[in-house]
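Please consult the sequence and structure shown here alongside the text.

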Amino acid sequence: MTGLPRKTNVKYTYGDYCKWPDDERWELIGGVPYSMTPAPSRRHQAMIIELSRQIANFIKESGGPCKVYTAPFDVRLPKGEEADEDIDTVVQPDIVVVCDPTKLDDKGLRGAPDLVVEIASPHTIRRDMVEKLNLYERHGVKEYWLVLPGDKVVTIYRLDADGRYGKPDVYTADDTLAAFAVNGLTVDLAAVFAAE
């Protein structure tokens, strides 16, 4: 927030967020801003492209209602029926899949996506593994993929019947990942981890 005061005792909202400079990327979690800089590494970007390519190709071929989006793409997660400007959580996951078109608008997405993919980097790993995991579970994201590039591992969290993430499934570069939230979707992880 260059030029904007950042007060530790102030909780920000989507209304504030919309006034911040366009050339800076931020996320808000519970009113607390998190800088999305530095930009992701080249390999991180290559993995996003490969994953989103495989997902988008499947969605196109299946002809279903789902859509895939890559960051920067605002996902507003309201606590209830509050107005957009009062929402205190706005995230920009690396990849989201949305199968309910009524949640989409010109600003991005209001509500939980069906599938979220985060590719962890050194400066986001704690937020991805703890804060966002809890956030996505709380808001009802059906499936959360956490990709660890250095370990060549994808940890998948899926909502159970109680609306909780149960024991995660772990996939490696040798596996083909089968999605739950997008029926029939499979991902060749060898191609994802080979992306350069």
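Which handedness does the disulfide of Cys 66 and Cys 99 have? The torsion about its S-S bond is about 100°, so the disulfide is right-handed. The model examined here is predicted.

**Disulfide and cysteines**

- The bond between Cys 66 and Cys 99 has an S to S distance of 1.9 Å, and a search of the whole structure finds one disulfide.
- Cys 66 is located in the loop between α2 and β3, while Cys 99 belongs to the loop between β6 and β7 (104-105), so the pair ties together parts that are 33 residues apart in sequence.
- Both Cys 66 and Cys 99 are buried.
- Cys 18 counts as partly exposed because its relative accessibility is 47%, a value that falls between the cut-offs of 20% and 50%.

**Helix α2: geometry**

- Helix α2 comprises 21 residues (residues 42-62), so at 1.5 Å a residue it should span 30 Å; the C-alpha atoms at its ends are 30 Å apart, in agreement with that expectation.

**Helix α2: burial and packing**

- The buried residues of α2 include His 44, Glu 50, Ser 52 and Gln 54, together with Ala 46, Met 47, Ile 48, Leu 51, Ile 55 and Ile 59.
- Among the strands against which the buried residues of α2 pack are β3 (67-70), β6 (95-98) and β9 (115-119).
- Further packing partners of these buried residues are β10 (143-148), β14 (186-188) and the helix α4 (189-194).

Note on methods: Residues are numbered from 1 along each chain as its sequence is written. This is a predicted model: local features need pLDDT of at least 70, side-chain atom pairs count only at pLDDT 80 or more; totals for chains, interfaces and linings use all residues. Side-chain values use heavy atoms; hydrogens and water are left out. Helices (H or I, at least four residues) and strands (E, at least two) are DSSP runs, numbered from the N terminus. The expected span of a helix is 1.5 Å times one less than its number of residues. Buried means under 20% relative accessible area, exposed over 50%, partly exposed in between (1.4 Å probe, protein chains only). Contact means heavy atoms within 4.5 Å. A disulfide is a pair of cysteine sulfur atoms within 2.5 Å.
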